Amino acid sequence: MSQNMIELTDKTFDEVLLEDISPVLVDFWAEWCGPCKTISPILDEIALEKTGALRIAKLNVDENLDVTRRFEVLSIPTLILFKDSEPVLRIVGAKGKSQLLELIDEHL
């Protein structure tokens, strides 16, 4: 995981989202998920390119059931973009970099 990414847990989720003033894209993932592994390097690239404008965080759904249930994540990968601590965009399934940027950029 890139140093530009944050690892979230059930305990740190709310605290990180409340203190972060830039939008946060949360990647709900699991170790066993093939598509999650496919988009991980793409998210690393986006994290580097959008430094200062967007933070990217990862939350392991197997280890953090409270947040996973709270946001009704039923399929992974699911990406949820939070702006001012509120979800503004949900992307389900693996997407290419240009497609992800197109969806995210309209909220930045």
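The structure described is a predicted model. In this model, the peptide bond that joins Ile76 to Pro77 is cis, with omega at about 0 degrees.

The loop between helix 3 and strand 4 also contains Glu72. Although Glu72 is not a glycine, its phi is positive, at about 50 degrees. Glu72 has a relative accessibility of 59% and therefore counts as exposed, since the cut-off for that class is over 50%. A positive phi, of about 55 degrees, is likewise found at Asp84, which is not a glycine. Asp84 is located in the loop between strand 4 and strand 5, the latter spanning residues 86–92. With a relative accessible area of 68%, Asp84 is exposed.

Attention now turns to the aromatic residues. The structure holds 3 aromatic pairs. In one of them, Phe13 and Phe82 are arranged edge-to-face, with 5.6 Å from centre to centre and 80 degrees between the planes. This pair links distant parts of the chain, for Phe13 belongs to helix 1 (residues 13–19) and Phe82 to strand 4 (residues 78–83), 69 residues apart. Phe13 counts as buried because its relative accessibility is 0%. Phe82 is buried as well, with a relative accessible area of 2%.

Phe82 also pairs with Phe71, and this pair is edge-to-face, with a distance of 5.2 Å between centres and an angle of 85 degrees between planes. Phe71 lies in the loop between helix 3 (65–70) and strand 4, whereas Phe82 is in strand 4, so the pair ties together parts that are 11 residues apart in sequence. The relative accessible area of Phe71 is 13%, and Phe71 is therefore buried; the class of buried residues covers values under 20%. Phe13, Phe71 and Phe82 together form one aromatic cluster.

A further arrangement involves the ring of Trp29. The charged end of Lys58 sits over this ring, at 5.3 Å from the ring centre.

The packing of two helices was also examined. Helix 2 (residues 34–49) and helix 4 (residues 97–105) have axes that come within 10 Å and cross at roughly 45 degrees. Helix 2 is therefore oblique to helix 4, because an angle under 35 degrees would count as roughly parallel and one of 65 to 115 degrees as roughly perpendicular. The crossing of these two helices is right-handed. On the side of helix 2, the residues that meet helix 4 are Ile42, Leu43, Glu45, Ile46 and Glu49. Their counterparts in helix 4 are Lys97, Leu100 and Leu101.

Lys50 is found in the loop between helix 2 and strand 3 (55–60). When neighbours within four places in sequence are left aside, Lys50 is in contact with Leu101, Asp105 and Leu108.

Methods
Residues are numbered from 1 along each chain as its sequence is written. This is a predicted model: local features need pLDDT of at least 70, side-chain atom pairs count only at pLDDT 80 or more; totals for chains, interfaces and linings use all residues. Side-chain values use heavy atoms; hydrogens and water are left out. Rings of Phe, Tyr and Trp (its six-membered ring) pair if their centres lie within 6.5 Å; planes under 30 degrees apart count as stacked, over 60 as edge-to-face and the rest as tilted. Helices (H or I, at least four residues) and strands (E, at least two) are DSSP runs, numbered from the N terminus. Buried means under 20% relative accessible area, exposed over 50%, partly exposed in between (1.4 Å probe, protein chains only). A charge sits over a ring if NZ of Lys or CZ of Arg is within 6 Å of the ring centre and within 35 degrees of the ring normal. Axes are lines fitted to C-alpha atoms, for helices over the stretch in contact, and angles run from 0 to 180 degrees between N-to-C directions. Angles under 35 degrees count as roughly parallel, over 145 as roughly antiparallel, 65 to 115 as roughly perpendicular and the rest as oblique. A crossing is left-handed if the near helix is turned anticlockwise from the far one by less than a right angle, and right-handed if clockwise. Contact means heavy atoms within 4.5 Å.
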